[in-house]
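Please open the model in a viewer and keep the sequence beside it.

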Amino acid sequence: MKKAVYPGSFDPMTFGHLDVIRRASSMFDELTVAVLNNTAKSPLFSVDERVKILAEATKDLANVKIDSFSGLLVDYCRERDIHIIIRGLRAITDFEYELQTAQTNRKLSDDDVDTIFLTTSLAYSYLSSSAVKQIATFGGDISQFVPDFEIPLIVEKYSKN
Ligand code: ADP
C-alpha cells in the first residue's frame with residue numbers, strides 16, 4: 001500500500017491546504033494529514049479542534065485520515081511504515097526552509113523518508129494561514145479562503161479576544 005503523510009500546523013486550515021490534500025489523496029492509497037502539536041506556538045485552534053475541522057473538510061475523501069503528532073516527524077513515519085512526506089510549495093520564499101527540512105528528515109531517517117512537493121494551484125498561491133488570521137483579526141471577509149463551516153469557528157475565536 002502506498003502511504004504518505006501531509007504534516008502541518010493547519011492553524012487555520014485553508015483552501016490552499018485542502019487543494020494539496022485533494023491532489024495528494026489521488027496519488028496515494030492512504031494519505032494521513034498530521035497536525036503538529038507545537039507547544040512553542042500559541043495557536044488559534046487547539047490540536048483537537050484542528051483535527052475536527054480537517055476531518056469535516058475531508059469527509060468525502062475515503063482514503064484520507066486525520067491525526068496529530070508531537071515529536072519528530074521521522075519517528076511518526078517509522079512507527080507507521082510511512083516513507084513519503086507531502087509538503088506544499090507556494091513561492092520561492094517557502095523553498096529554502098522546505099529544502100532544509102526535507103534534507104534533515106532524509107538524513108534523520110537514514111534515507112528512509114523522502115519529501116514530495118506539490119506546487120500550489122495558482123488560485124491559492126497567495127494564501128496562508130497567517131493572512132487568514134490577520135484578515136479575521138480586523139473583521140474582514142475570509143469566505144474566499146476557508147470553507148463556510150469554518151468561518152464562524154474562526155470568527156468566534158476573535159470575538160473572545
Ligand atoms: P507549517 O506546517 O509550515 O506550520 P502550514 O500548516 O501553514 O505551515 O502549511 C502546511 C503545508 O501546507 C506546508 O507545506 C505549506 O507550504 C503548505 N501550504 C500552505 N498554504 C498553501 C497554499 N496556499 N498552497 C499550497 N500549499 C500550501
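Select the lining of the largest pocket: its residues divide into 19 nonpolar, 18 polar and eight charged (nonpolar: Ala, Val, Leu, Ile, Met, Phe, Trp, Tyr, Cys and Pro; charged: Asp, Glu, Lys and Arg; polar: the others, Gly among them). The model is predicted, with pLDDT of at least 70 needed for local features and 80 or more for side-chain atom pairs, while totals for chains, interfaces and linings use all residues. Residues are numbered from 1 along each chain, and side-chain values use heavy atoms, without hydrogens and water.

A pocket here is an open set of points on a 1 Å grid over the protein atoms alone, where a 1.4 Å probe fits, with protein on both sides within 12 Å along at least five of seven lines; lining residues have an atom within 4 Å of a point. Among the 45 lining residues, Pro 7, Gly 8, Ser 9, Arg 87 and Glu 98 lie nearest the centre of the largest pocket. Helix 4 gives the largest share of the lining, eight residues (helices are DSSP runs of H or I, at least four residues; strands are runs of E, at least two).

Next, select Ser 109, in the loop between helix 4 and strand 5. Ser 109 counts as buried because its relative accessibility is 9% (buried means under 20% relative accessible area, with a 1.4 Å probe and protein chains only). A polar atom of its side chain lies 3.0 Å from the backbone oxygen of Arg 106.

Finally, select strand 2, residues 30–36. Six of its seven residues are buried, so strand 2 is largely enclosed by the rest of the structure. Six bridges join strand 2 to strand 3 (residues 64–69) in parallel, and Val 33 has Ile 66 of strand 3 as its bridge partner.

How values were computed: Buried < 20%, exposed > 50% of the residue type's maximum accessible area, 1.4 Å probe, protein only. Polar contact = N/O pair within 3.5 Å; in protein donor to acceptor, adjacent residues only side chain to side chain. Pairing = 2+ DSSP bridges.
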